[in-house]
Amino acid sequence: MNAPVKDFRVAEYPVDVQFTDRWSPRAFADKAVTEADVLTLIEAARWAPSASNLQPWRFVWALKGDAAFAQIAETLVPFNRDWAGKAAALIVVAARTSVTKEDGTESPNAYHAFDTGAAWGALGLQAHLKGLVAHAMGGFDRDAAAKVVALPEHHAVHAIVAVGYRGEASTLPEGLQSREAPSPRMALSDIAVRGSFSA
Ligand SMILES: Cc1cc2nc3c(=O)[nH]c(=O)nc-3n(C[C@H](O)[C@H](O)[C@H](O)COP(=O)(O)O)c2cc1C
């Protein structure tokens with residue numbers, strides 16, 4: 001049996017448990033998710049805030065069994081492919097990196113990564129609230145992923161997210177079993193200062 005998250009994580013201030021209970025396991029159950037499940041996660045991402053409400057985030061998704069799933073999985077580094085290949089869905093998280101101005105030229109959107117990160121955060125929390133797991137990965141070949149999803153001009157791929165139902169840690173290779181636990185965080189005092197960093 002997987003141990004409860006509260007055995008690993010204690011908040012310093014009272015936050016809703018969704019924030020501490022969400023984490024990124026690697027063991028997936030052999031259980032399918034539906035198109036509606038995936039679109040529900042992306043729906044949550046859709047409501048994220050963004051600079052000038054530009055909504056730069058873009059998602060390309062595939063369910064296990066789709067040809068695209070295998071192609072996306074192939075772009076992952078072997079370490080990630082080994083466990084994420086067992087997920088029920090893969091979501092490529094991309095962003096439009098510029099805005100088209102009135103004269104037809106492109107102006108860089110300095111916030112595309114910041115905003116798309118916020119969207120992924122909402123997606124991950126929605127997955128958790130639905131009883132699903134969403135595990136983001138930066139370990140993949142960006143050029144290969146861009147090719148597989150036919151990434152349009154003025155876009156960048158930021159991450160690939162593995163989605164599915166959580167499985168038992170015992171199904172993972174031995175080296176990963178001991179790492180299958182909610183991670184800690186830096187102390188609040190290490191990440192937040194009042195007034196200025198030099199205070
Ligand atoms: C942008 C991004 C890239 C990540 N890349 C990987 C990855 O390539 N492989 C992996 O196993 N986990 C990856 N992770 C998961 C992080 O290691 C994990 O989110 C972090 O340790 C915090 O743990 P938690 O999500 O369980 O709270 C990534 C997470 C993010 C947000």
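Predicted model: local features only at pLDDT ≥ 70, side-chain atom pairs only at ≥ 80, totals over all residues.
User: How many bridges join E5 to E6?

Analyst: Residues are numbered from 1 along each chain as its sequence is written, and side-chain values use heavy atoms, with hydrogens and water left out. Strands (E, at least two residues) and helices (H or I, at least four) are DSSP runs numbered from the N terminus, and two strands pair if DSSP finds at least two bridges between them. E5 and E6 run antiparallel, and the number of bridges joining them is five.

User: Which residue in E6 is the bridge partner of His135?

Analyst: E6 also pairs with strand E2 (residues 89-96), in the antiparallel sense over eight bridges. There, Leu90 has Ala162 as its bridge partner in E6. For His135, the partner in E6 is Ala162.

User: How many of the 10 residues of strand E6 are buried?

Analyst: Buried here means under 20% relative accessible area, with exposed over 50% and partly exposed in between (1.4 Å probe, protein chains only). Strand E6 covers residues 155-164 and is largely enclosed by the rest of the structure, because the buried count is eight.

User: Is Phe140 buried or exposed?

Analyst: Phe140 sits in the loop between E5 and helix H6 (142-148). Leaving aside neighbours within four places in sequence, Phe140 has contacts (heavy atoms within 4.5 Å) that include Leu76, Val77, Val157 and Ile160. Its C-alpha is 8.7 Å from that of Glu74, 66 residues apart along the chain. With a relative accessible area of 7%, Phe140 is buried.

User: How much of the ligand's 620 Å² does the protein bury?

Analyst: Start with the polar contacts (N or O pairs within 3.5 Å): a polar side-chain atom of Ser24 lies 2.5 Å from a ligand oxygen, and one of His135 lies 2.8 Å from a ligand nitrogen. A backbone N or O atom of Ala136 is 3.0 Å from a nitrogen atom of the ligand. Areas come from the Shrake-Rupley method with a 1.4 Å probe. Of the 620 Å² that the ligand exposes when taken alone, the protein buries 64%.

Notes: Polar contact = N/O pair within 3.5 Å; in protein donor to acceptor, adjacent residues only side chain to side chain.
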